[in-house]
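Good morning, and thank you for coming. Please look at the sequence and the structure on the screen, and I shall then go through a few of the features one by one.

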Amino acid sequence: MPIVLSLILLGAFIAEIALGAAGSERALIPLGALITRGWSGADWWRIFTFSFLHLNWLHLALNTAGLLWLGRIVERRLGRARLTAIFAAGGLASGIAGMLLGPLLPTTGIAVGASGAVCGLLAAAVILAFRGDAYCRLRVPLMLCLAPVVVTSLLPCVSLAGHLGGLLGGAFATAARCKNLQVREEGMSF
């Protein structure tokens, strides 16, 4: 599933290039970029679309690399459906946080990218790594990944609200999924 999601992101970026919108936040607004300052209730749909848009190739490459690595970790433990649900929860929470906190934090007023959804997968992978012994070897690499994500989130033109929202959305979705998984592992029906 991480490969499928990555191909969707790539397809969306190729469409951006074809439409002449790649590289310009303003040009990405009609395609579904998230407006974090001055948004209205009519912009609610953008919390679904902004995660599939990227500003440039580097932006796409970083998010795709995180999606492929973290997505495989989450998918191995929780399966495709749960991976997709956590990716979606991280993206949606990222969009909601971006809209609600965007006016309060230093941003450009426009957000694009799957980094919030990828942060959701990072939260999921960290929870899974600390949940049991099966993934204990991933604890240090995941924590080494979490540190630069937090630092990068503080940079100008990076959505701190989006990254934090994604982390929280992924953590909540994973905690709920792990609770259900634990019930099944103990032989009880849910």
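I begin with threonine 108, which counts as partly exposed because its relative accessibility is 35%, between the limits of 20% and 50%. Please keep in mind throughout that this is a predicted model. Threonine 108 sits in the loop that runs between H5 and S2. Leaving aside residues up to four places away in sequence, threonine 108 touches Glu25 and Cys157. Glutamate 25 is 83 residues away from threonine 108 along the chain, yet the C-alpha atoms of the two are separated by 9.0 Å.

Is proline 30 buried or exposed? Proline 30 counts as exposed, because its relative accessibility is 65%, and the cut-off for that word is over 50%. Its place is the loop between helix H2, residues 25–28, and strand S1, residues 34–35. From the C-alpha atom of proline 30 to that of arginine 46, which is 16 residues apart from it along the chain, the separation is 10.0 Å.

I turn now to the helices. H5 has 22 residues, and at 1.5 Å a residue these should span 32 Å; the C-alpha atoms at its ends are 31 Å apart, which agrees. Among the buried residues of H5 are Arg82, Leu83, Phe87, Gly91 and Met99. How many of the 17 residues of H6 are buried? The number is 14, so H6 is largely enclosed by the rest of the structure.

Not counting residues up to four places away in sequence, glutamate 75 touches Met1, Pro2, Arg80 and Leu83.

Let us move on to the empty space. Rolling a probe the size of a water molecule over the atoms shows where such space is left. The largest pocket holds about 930 Å³ of space. Its lining is made up of 40 residues, and those nearest its centre are His59, Asn63, Ser115, Val158 and His163. Several elements each supply at least two residues of that lining, including H4, H5, strand S2, H6, H7 and H8. Which helix gives the most to the lining of the largest pocket? The answer is H4, with eight residues. By class, 22 of the lining residues are nonpolar, 17 are polar and one is charged.

The second largest pocket holds about 160 Å³ of space. Among the residues that line it are Leu5, Ile8, Phe48, Thr84, Phe87, Gly91 and Ala117. H1, H3 and H5 each supply at least two residues of this lining, and the largest share, five residues, comes from H5. By class, the lining of this second pocket has nine nonpolar residues, three polar and no charged.

Thank you for your attention.

Methods. Residues numbered from 1 in each chain as written. Predicted model: local features only at pLDDT ≥ 70, side-chain atom pairs only at ≥ 80, totals over all residues. Heavy atoms only, no water. 1 Å grid on protein atoms, 1.4 Å probe; cavity = no way out; pocket = protein on both sides within 12 Å on 5 of 7 lines; lining within 4 Å. Points joined across faces, edges and corners; volume = space filled by probe spheres on them. Helix = DSSP H or I, 4+ residues; strand = E, 2+ residues; numbered from the N terminus. Nonpolar A, V, L, I, M, F, W, Y, C, P; charged D, E, K, R; others polar. Contact = heavy atoms within 4.5 Å. Expected span 1.5 Å × (residues − 1). Buried < 20%, exposed > 50% of the residue type's maximum accessible area, 1.4 Å probe, protein only.
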